[in-house]
Amino acid sequence: MTRAVWLKADDEVGDWDARRRRITAGLEAGVDWVLVDRDDVDRVRELGQVNVAAFAGDDVHVLDAEPKARAEPDALIVGKGTEGDGTVDLPGDFSGSADLTTLRRGNGAADGAYVRILNEGYEAFAEAAAGDADYTIVVGEDWKIIPLENLIARIGEETTLVAGVTSAEEAKTAFETLEHGADAVLLDADDPDEIRRTVDLRDASDRERLDLRWATVTAVEQTGSADRVCVDTGSLFDHDEGLLVGSMSRGLFFVHAETAESPYVASRPFRVNAGAVHAYVRTPDGKTKYLAELKSGDEVQVVDTEGNTREAIVGRSKIERRPMFRVQAELGGDGETADVVETLLQNAETIKVATREGRKAVTDLAEGDEVLVYYETTARHFGEEVEETIIEQ
């Protein structure tokens, strides 16, 4: 499930300068949506590329009203200044609701609903709106969890449920409620750091976590020269991060980024010297690519020694002929079927793998060392998992 961060930037935030500062901070942090008043849609598009949702205003209910010449948002939201936020009282019978009638009208009258949960009646109103709304935005007043739990349980997947929050901490709770969590959050905050932390939470909630294993080195031998690939990314690696690479798609070795200082060469914390051109490298969404295929603009999956992952953009793939080591390692034993995997890595002190004793240069690697690998039994065809027998040796 892909989460999203919406940023509230309507006139309740302040004048245009205040709204612009908040929107700019959101664009820099990487929010997915900005929610503004209808007249600000063009202004937002001038600031940068982002999905723009706009409050429809109370004139949306007037069927014969002459439409104003205004930019069209990506989503039109009903509920501000009307029943959704309590400006107009809820009808006793929802069939008489102007907001719900607008949602059901179709023809672009409204794509979503904005509801302040003032009491149980508004909770029921949000549930009713969700049946016709692509986006259902719910903002609590004196509530924290229970109404959101109720709506998550009742609404299911019929709408994108957006929970109003004022901090990254509240966003974390919204994303985790009832394990499923809200699909998105609407953040009402000015602090750029708070906006950035909320976006980071979104990213973390969508990322894969891998179960890395230890494999015992059974051979380390010098081979001839081969074409090896340095993967230079547009991001800096942390000290415990690297890439998963290997000659066999079922067993990928953890290779550290060049974050460590060395007496031989300066650190290059954007680089992983990943091995020979034929090797696989793991990419987002559980796929693989050959190292030879990587080019500027591609994505690779960065992983740390605990199996946490994130994505990084390839800035450059640097291929040069270098002397290589063949590293072989065995998994299994103790009742589990043994398997052997291997890879080719450059013969250089700056290329390091993760071992039980910590990072170790491939030039110091020896039989009996335990190295960190990612192992799976499925075969692959063009980087995709397939259910068929493929022999790699």
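Leaving aside residues up to four places away in sequence, valine 31 is in contact (heavy atoms within 4.5 Å) with Val5, Leu7, Gly26, Val50, Ile195, Val199 and Arg202. The model here is a predicted one, with local features needing pLDDT of at least 70 and side-chain atom pairs counting only at pLDDT 80 or more, while totals for chains, interfaces and linings use all residues. Residues are numbered from 1 along each chain as its sequence is written, and side-chain values use heavy atoms, with hydrogens and water left out.

Val31 also turns up in the largest nonpolar core, a set of 48 residues in which Val31, Val34, Val36 and Leu103 touch the most other members. Such a core joins buried Ala, Val, Leu, Ile, Met, Phe, Trp, Tyr and Cys residues through side-chain atoms within 4.5 Å, buried being under 20% relative accessible area (1.4 Å probe, protein chains only). The top contributor to this core is helix H4 (residues 120–130), which puts in 5 residues; helices are DSSP runs of at least four residues (H or I), strands of at least two (E), numbered from the N terminus. Another core lies apart from it, with 35 residues including Ala274, Leu291, Val353 and Val373.

As for strands, E13 (residues 280–283) and E14 (residues 287–290) run antiparallel and pair over 4 bridges, where pairing takes at least two DSSP bridges. Threonine 283 has lysine 287, in E14, as its bridge partner. The two strands make a hairpin with 3 residues between them, and aspartate 285 in the turn has a positive phi of about 70 degrees.

Technical notes
Buried means under 20% relative accessible area, exposed over 50%, partly exposed in between (1.4 Å probe, protein chains only).
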